[in-house]
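Colleague: I would like a close look at one part of this model, and then at whatever surrounds it. Please take it residue by residue.

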Amino acid sequence: LELPEGFSVLDEYRLANDVDPNWSKSRLMHRQGEVVADFTRFGLNRKQQWEVISLLLKRKDELDDLTIQDHFSEGFLASNFWFLFRSMFAFENWHSLLEMKLYMHRFLDSIDGFGDMSALVFPKFNQYDSFVRPLAGLLAAKGVMLRLDTTVHDMEFATRGTQRTVTALKAQVAGEAQRLAVGERDLVIALTGSMTEDTVYGDMDTAPVLHRTGDGLPPERSGWTLWRNLARQAPVFGRPEKFCGDIDRSMWESATLTCRPSPLVDRLRALSVNEPTSGRTVTGGIITFTDSNWVMSITINRQPHFPGQPHDTVVMWVYALLMDQPGNAVAKTMPECTGREILAELCHHLGIAGQLDAIVPHTKVRTALMPYITAQFMPRAAGDRPRVVPEGCTNLALVGQFVETA
């Protein structure tokens, strides 16, 4: 899809999906490669349907610190609906019931396309090249200074009664401590927390090594440091430990597979809507293995996924929700596995384990273990997240996934 000069990023995004609408023919799988016969049905009985309706009718203030498994029955948590919902949005049974309610309200209008993923839209390339790079270029062209290798870890305030005004930022710039003054007419917009902070990586022969502190909290110099320091100054800044204090419940792992022609690509071709290298929709979103001990999912988006990607190369993404269970074929948890072992587990679920030796030489695996990737879903109560403009602040706004909105 080549766009005329003057077309915007939004134009490209819209036209890519108008020309090539998304859908999936293999949304759920089980029994080593067998597609679930009818994954368009949610499989909810009358009692389980009422569990959904009753959650939609509850008030937000009734759900402080409640988890999904506090509300839903075991039958609901084993249904097609829950496999579709949890794998699409990465919810765990112990996550926030309130956040699940908000997601259900947000995507209720997409329910008809939920099973076959016809409600989804995807950019032409990966999100970084499709959205971040053009936006950064636009900002730079308008004179915005983008300063890399800089971490703000605290703020200084001037207080007058109940009012707070940011007067300086405490930062590390290229490894050196600096105090950045904030002018009288300046506005400060800050991000609280980061779901990708402290990510560690592995490859074909190396498992990622997670660095933990003694109290289970992030290290002092991390993307969570600024929020934690703000919270020490006043209750209006919330309680970051509710979100970053239990990485065993906010962590999952993903892997990127770079695949040259092999039996793995041949197997995925049979499960795809179009030929993987055609430039059109491939798997139409994730394929989830319902009997995977890890709750593993895989997807191939439109190819090429990256500008300049060779035509015969397919980039596949794999992720799993459960980090504490041994695999079905590999007797290790996913974080304990090398990329080669994750590939073996995937081939088992695709029913091609016997062809692994022919697949490995043509496949590269890069893993990413993310300790806070679902931190925004951790159970919370009123006051745990700060407001966008915390009470009394005159020149400070907070943004991101860890702020309270109306």
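Modeller: Ala190 stands opposite Leu398 in E13. This is a predicted model, and the pairing belongs to strands E6 and E13, which run in the parallel sense over 4 bridges. Strand E6 has two faces: Val188 and Ala190 are on the covered one, while Ile189 and Leu191 are on the uncovered one. That arrangement can be set beside a general rule: in a regular strand the side chains alternate between the two faces of the sheet.

Both strands also bear on helix H7. The elements that cover the buried residues of H7 include strand E6 (188-191) and strand E13 (396-399), along with strand E3 (150-160) and helix H8 (241-244). Helix H7 spans residues 225-233 and is mostly covered, with 7 of its 9 residues buried. The buried residues of H7 are Thr225, Leu226, Trp227, Arg228, Asn229, Leu230 and Ala231.

Another set of strands makes up an open sheet. It has 8 strands in the order E2-E1-E9-E10-E11-E8-E12-E7, and the pairing is mixed. Strand E2 (34-35) and strand E7 (200-202) stand at the edges with a single partner strand each, so one side of each has no neighbour in the sheet. Within this sheet, strand E9 (residues 287-289) and strand E10 (residues 296-299) run antiparallel and are joined by 2 bridges. Thr288 stands opposite Ser297 in E10.

Ser24 lies in the loop between helix H1 (9-19) and strand E1 (28-30). Ser24 is buried, with a relative accessible area of 3%, and it counts as buried because that value is under 20%. Setting aside residues up to four places away in sequence, Ser24 touches Phe39, Asp116, Met117, Val273, Thr283 and Gly284. A polar atom of the Ser24 side chain lies 3.2 Å from the backbone nitrogen of Ser26. Ser24 and Val282 are 258 residues apart in sequence, yet their C-alpha atoms are 8.3 Å apart in space.

Val282 and Gly284 lead on to the cavity. The count of cavities of 30 Å³ or more comes to 1, and the largest cavity has a volume of about 50 Å³. Its lining consists of Asn22, Phe122, Thr281, Val282, Gly284, Gly285, Ile300, Asn301 and Arg302. By class, the lining of the largest cavity divides into 3 nonpolar, 5 polar and 1 charged.

Ser96 sits in the loop between helix H4 (80-89) and helix H5 (97-106). Ser96 is buried, at a relative accessible area of 1%. Its side chain has two backbone nitrogens within reach: that of Leu98, 3.2 Å from a polar atom of the Ser96 side chain, and that of Glu99, at 3.0 Å. Leaving aside neighbours within four places in sequence, Ser96 is in contact with Leu66, Ile68, Phe91, Phe377, Met378, Pro379 and Arg380.

Notes: Residues numbered from 1 in each chain as written. Predicted model: local features only at pLDDT ≥ 70, side-chain atom pairs only at ≥ 80, totals over all residues. Heavy atoms only, no water. 1 Å grid on protein atoms, 1.4 Å probe; cavity = no way out; pocket = protein on both sides within 12 Å on 5 of 7 lines; lining within 4 Å. Points joined across faces, edges and corners; volume = space filled by probe spheres on them. Nonpolar A, V, L, I, M, F, W, Y, C, P; charged D, E, K, R; others polar. Buried < 20%, exposed > 50% of the residue type's maximum accessible area, 1.4 Å probe, protein only. Contact = heavy atoms within 4.5 Å. Polar contact = N/O pair within 3.5 Å; in protein donor to acceptor, adjacent residues only side chain to side chain. Pairing = 2+ DSSP bridges.
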